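Hi everyone, thanks for making time for this.

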Amino acid sequence: MEDTPSKEENTRVLKVLEALKQASHDLQTHPSPNSAESNSPSIKALLELETESDTILSNDPLLSTLSEHLASLKSLFDTLQKSCGHGLGSFLARRVSTQSISRVAGSIELEIQAWIDRESIDSLMKGLKEPLQIEEDELVSLLSQFEDRVLQGFNPLIRFNKDVFVGQVLMGRMIHGVVSMASWKSMKVLSSLIKSIKSPLVDEIESNGEIPKIICFLDYKDLHLRVVTLDCVLEIGYFGRREAIEAMLKEGLIKKLVELQRSDLGGDLIDIGMFGDEKDGGNRETRFLENHPFASCVARFAVQLEVGEGLRQREKRAFKQEILKTIRNACVSNAEAATIEAEVLWGSSP
């Protein structure tokens, strides 16, 4: 059984690979024949790192392709050095070699990014599998790194691409771990990931049975957690398909939202002339929501369903009627019901 690489060893490998990646990127950014001359900083860095990284790469089978690319790069550079004449043949040979060097440099950068992605995922998965063995801030930091990587996008040629990076197995484990943390930091990351990955991530949240747990956070005493959970619920409402919306409503979401709207941190934007008011660019509404995060939360949720991407038009109409019916049963007075219903009707299409 092979020994698991130590954290220090992985850090050392990462440092070398980051330097290789930067040198490869620089070589692609300046692909002129002069950039491939022996005095080019990018070429120097790559050749020096090729020698330094030889031992490191040989210890990791996942870096074998990268090792091959580096060997190809060295061979191309030797070929370029030999084509130093001034004739047309030498000129064409230099052009071809330079283009090949730039192409191999691009492959090197992609391979390195794939390795970094794998290491990032492994660290995240270990943290989520054994949350008691890692500090919450460190785990949230790993989640934030994952979020940043998703936001960067993915090159369609990379072998370890988005399909793998946000694949079903990974997503299921990650979502369970994030929700189980039951903290505002983890829920904030989840909300942001929903914005990035959209409906496929909401599908995973629903199919893994995490929606009831998320809705429960709206009852927690931790105000920050409740506020961030509402943001997450609104994102699920925007990107969620029928099954996800049904799951939220089944957990009594509308009743919970009515109670939050009734609280001191709630309120009715329509009563103070702010709901849907775009005359000042929504600034007054934004400022009010900063101090009253649950204001008009029922209508805000209904609007997310109305303008969102996850539902068909007939599903939107059906859910709107269901929400209006639930409002009447959840309110403590006819006046409260009338106000919330008016906001829902005002904020969405007939």
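A word on ground rules before we start. This is a predicted model, so to speak of local features we need pLDDT of at least 70, side-chain atom pairs count only at pLDDT 80 or more, and totals for chains, interfaces and linings use all residues. Residues are numbered from 1 along each chain as its sequence is written, and side-chain values use heavy atoms, with hydrogens and water left out.

Let's begin with helix 14, which covers residues 253-262. Helices here are DSSP runs of H or I with at least four residues, strands are runs of E with at least two, and both are numbered from the N terminus. Is helix 14 enclosed or open? Seven of its 10 residues are buried, so the helix is largely enclosed by the rest of the structure. By buried I mean under 20% relative accessible area, while exposed is over 50% and partly exposed is in between, using a 1.4 Å probe and protein chains only.

The buried residues of helix 14 are Leu253, Ile254, Lys256, Leu257, Val258, Leu260 and Gln261. What do they pack against? Their partners are helix 11 (211-216), helix 12 (223-239), helix 13 (242-250), helix 16 (297-307), helix 17 (313-330) and helix 18 (334-347). Contact, for us, means heavy atoms within 4.5 Å.

Please look at the lysine in that list. Lys256 lies in helix 14, and its relative accessible area of 17% makes it buried. Leaving aside residues up to four places away in sequence, Lys256 touches Ile215, Leu218, Asp219 and Glu251.

Now for the charges. Side chains of opposite charge can pair when their charged atoms come close. We call it a salt bridge when a side-chain nitrogen of Lys or Arg is within 4 Å of a carboxyl oxygen of Asp or Glu. How many salt bridges does the structure hold? The count is 11, and I'd like to show you a few that connect.

Start with Glu246 and Arg242, whose closest N and O atoms are 3.4 Å apart. Both residues lie in helix 13, four residues apart, about one turn of the helix. Glu246 is partly exposed at 37% relative accessibility, and Arg242 is partly exposed as well, at 33%.

Arg242 also forms a salt bridge with Glu315, at 3.6 Å from N to O. That pair links distant parts of the chain, with Arg242 in helix 13 and Glu315 in helix 17, 73 residues apart. Glu315 is buried, at a relative accessible area of 8%. A further bridge joins Glu315 to Arg312, at 3.4 Å from N to O, and Arg312 counts as exposed at 53% relative accessibility. Put together, salt bridges that share partners join Arg242, Glu243, Glu246, Arg312 and Glu315 into one network.

On to the rings. A pair of aromatic rings is described by the distance of the centres and the angle of the planes. Rings of Phe, Tyr and Trp (its six-membered ring) pair if their centres lie within 6.5 Å; planes under 30 degrees apart are stacked, over 60 edge-to-face, and the rest tilted. By this rule there are two aromatic pairs. In one of them, the centres of Phe217 and Tyr220 are 5.2 Å apart and the planes sit at 80°, so the pair is edge-to-face. Phe217 is buried at 4% relative accessible area, whereas Tyr220 is partly exposed at 38%. Tyr238 and Phe239 also form an edge-to-face pair, with 4.8 Å centre to centre and 75° between the planes. Here Tyr238 is partly exposed at 21% relative accessibility, and Phe239 is buried at 6%.

A quick stop at helix 1 (residues 7-29), where we find Leu20. Leu20 is buried, at 0% relative accessibility. Leu20 and Ala105 are 85 residues apart in sequence, and their C-alpha atoms are 9.4 Å apart in space.
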